[in-house]
Amino acid sequence: MQRDFLEPGGFGASLGNDVSLLRKTIPPTRRLLEAARKAGLTIIHTREGHRPDLADLPAAKKSRGRLAIGIGDPGPMGRILVRGEPGHDIIPELYPLPGEPVVDKPGKGAFHATDFDTMLKNRGLSQLIACGVTTEVCVNTTVREANDRGYESMVVEDCVGSYFPEFQEMGLRMIKAQGGIFGWLASSEAVIVALPTTRT
């Protein structure tokens, strides 16, 4: 849930995308985040981005999309997808609290070239509740990576979003296909109801 993807004037908007399609995920995600914190769940945030020297940026990723401006180039909120730049940071509405880990990932999935798997295993966690953008890219990639590592994932359908409505629909359908091939879907309301009401 990074500024460059969700905020007007960010990189996503500069490409001509309608960020309101992503921003509608903010209120339900905020309600779920607050309920999860109250219930004492482990909260882990992720951000896609690269080292300032771009040493972790594969040429194949840099060349994708044939964009006028791309990763590492100056953008509306600093260098695009570069760690430490304003656009790389998480939106204020969902900002991590002190003590909530942030995983900086150089790829689409949260497990690739990160310590996310180690963090989960060290906490004895095997079930994930996934929120974020975009549904068809980072969310789908992370849920697929999680499935291959033996985790069970619940994707909160009103807390994930896409710039493209057809991708949103298909991204969710792929996750739940064949009885939950990569994970399950639920609304934020259903997940909040299922959470403990006090810290556990």
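So, R199: leaving out residues up to four places away in sequence, R199 touches R37, K38, A39 and G40, where contact means heavy atoms within 4.5 Å. R199 sits in the segment after helix 9 (188-194). Is R199 buried or exposed? Exposed, at 63% relative accessibility. For the cut-offs, buried is under 20% relative accessible area, exposed is over 50%, and partly exposed is in between, with a 1.4 Å probe and protein chains only.

Quick housekeeping. This is a predicted model, so local features need pLDDT of at least 70 and side-chain atom pairs count only at pLDDT 80 or more, while totals for chains, interfaces and linings use all residues. Residues are numbered from 1 along each chain as its sequence is written, and side-chain values use heavy atoms, with hydrogens and water left out.

Now the overall picture. The chain has 9 helices and 7 strands; these are DSSP runs numbered from the N terminus, H or I of at least four residues for helices and E of at least two for strands. The C-alpha atoms fill a box of roughly 45 × 35 × 30 Å along the principal axes. The radius of gyration is 16 Å, which agrees with the value near 16 Å for a compact globule of 200 residues. That radius is taken over C-alpha atoms, and the globule rule is 2.2 Å times the number of residues to the power 0.38. Of the 200 residues, 44% are buried. If you take contacts between residues at least 6 apart in sequence, 71% of them join residues at least 24 apart.

What about the outside? The accessible surface comes to about 10200 Å², and 55% of that belongs to carbon and sulfur atoms; areas are by the Shrake-Rupley method with a 1.4 Å probe, and for residues only the protein chains shown count as cover. On charge, there are 24 positive and 24 negative side chains, and the centres of the two sets lie 1 Å apart. Lys and Arg count as positive, Asp and Glu as negative, and His and the chain ends are not counted. Each charge is placed at NZ of Lys, CZ of Arg, CG of Asp or CD of Glu.

Let's go inside. How many residues does the largest nonpolar core have? It has 27, and F5, L6 and L195 have the most contacts inside it. By nonpolar core I mean a set of buried Ala, Val, Leu, Ile, Met, Phe, Trp, Tyr and Cys residues joined through side-chain atoms within 4.5 Å. Helix 1 (3-6), helix 4 (26-39) and strand 6 (152-161) each give two or more residues to this core, and helix 4 has the largest share, with 6. Setting aside neighbours within four places, F5 is in contact with V19, L22, E48, L81, V133 and Y163. There's also a second, separate core of 9 residues, including F111, L120, A146 and Y151.

D4 counts as buried, at 2% relative accessibility. Beyond four places in sequence, D4 has contacts that include G10, F11, M77 and H88. The C-alpha atoms of D4 and I90 are 8.8 Å apart, although the two are 86 residues apart along the chain.

S188, in helix 9, is another buried one, at 2% relative accessibility. Not counting residues up to four places away, S188 touches P28, V156, D158 and C159.

Where is the cis peptide bond? Between V133 and T134, with omega at about -5°. T134 is in the loop between strand 5 (127-133) and helix 7 (135-148). Then two non-glycine residues with positive phi. A113 has phi of about 55°, lies in the loop between strand 4 (102-105) and helix 6 (116-122), and is exposed at 61%. Q178 has phi near 55° too, but it lies in helix 8 (165-180), and it is exposed at 75%.
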